[in-house]
Amino acid sequence: MEFFIDTAEITQIRKYWNMGIIDGVTTNPTLIARSGRDFKQVVAEIAEVVKGPISVEAVSSEASELISEAKEIVKFSEHIVVKIPMTAEGLKAVKELSKIGIKTNVTLVFSSSQALLAAKAGATYVSIFVGRLDDRGHEGMETVYEIKQIYENYDFPSKLIVASIRHPRHVIEAAVAGADVATIPPDTLEKMLSHPLTDDGLRLFANDWEKVKKR
Ligand code: G3P
């Protein structure tokens, strides 16, 4: 299973990349805006650190414009994956981009039928937003199971990304469901990393070691 970090904050990206626990990065317009920095500068900095897939979103609405945007975005790094919205024009762009070898991540996917169409169009990655589904009272992870089954049934090469993750349990459930990728925000990665019993255990060992040293 691959882990991407869902942020545009370079400090966080560097921290977890250096720890060896992330394989790539996903960004979106909201995350870039939150960084408060220039878009091109942010992407260039990420590409200097991360030698794995970096998703950057194209924001046009027409297929032809999405394709032009994608061609510009991929110039940043060989690792760029272009995020394309789950729309009719978006899928048209995905089809053309896959023909010329540009990797795509179809984003804002909320149903198995959308995920099936994205795979048919030739998406490299398909991002299902489980947290936003849960927020609306749906069971986001049920859709993950369904999509995984559909992709397996027909050997679709598209990789399923579980996105919009809210807590460590989402990551575990995505892993149990066999999702290819979970894209995880830094605060959830931090929660996955630590446990109060680990901290208690460390304190206990340190105290006992002091006693050994005094002998
Ligand atoms: O990057 C896409 C997705 O993970 C955003 O999640 O928290 O805005 O629903 P969220």
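**A note on the ligand site and the core**

1. Let's start with the ligand: it sits in the largest pocket. Please keep in mind as you read that this is a predicted model.

2. Who surrounds the ligand? The residues around the ligand are Asp6, Asn28, Lys83, Phe129, Arg132, Ala163, Ser164 and Arg166.

3. Three of these side chains are worth a look up close. In Asp6, a side-chain N or O atom is 2.5 Å from an oxygen atom of the ligand. For Ser164, the distance from a polar side-chain atom to a ligand oxygen is 2.7 Å, and for Asn28 a polar side-chain atom is 3.1 Å from a ligand oxygen. As for cover, the ligand on its own has 310 Å² of accessible area, and the protein covers 82% of it.

4. Now to the interior. In soluble globular proteins, nonpolar side chains tend to be buried together. Here, the largest nonpolar core holds 60 residues. Those with the most contacts inside this core are Ile46, Ile54, Val82, Ile128, Val144, Tyr151 and Val162.

5. Setting aside neighbours within four places in sequence, which residues is Val144 in contact with? They are Ile128, Val130, Leu160, Val162, Ala177 and Ala179.

6. Finally, another core, of 5 residues, lies apart from the largest one. Its members include Phe4, Tyr125, Ile161 and Val181.

Terms used: Residues numbered from 1 in each chain as written. Predicted model: local features only at pLDDT ≥ 70, side-chain atom pairs only at ≥ 80, totals over all residues. Heavy atoms only, no water. Core = buried A, V, L, I, M, F, W, Y, C linked by side-chain atoms within 4.5 Å. Buried < 20%, exposed > 50% of the residue type's maximum accessible area, 1.4 Å probe, protein only. Contact = heavy atoms within 4.5 Å. Near = heavy atom within 4 Å. Polar contact = N/O pair within 3.5 Å; in protein donor to acceptor, adjacent residues only side chain to side chain. Areas by Shrake-Rupley, 256 points an atom, 1.4 Å probe, with all protein chains shown as cover. 1 Å grid on protein atoms, 1.4 Å probe; cavity = no way out; pocket = protein on both sides within 12 Å on 5 of 7 lines; lining within 4 Å. Sits in = over half its atoms within 2 Å of the grid points.
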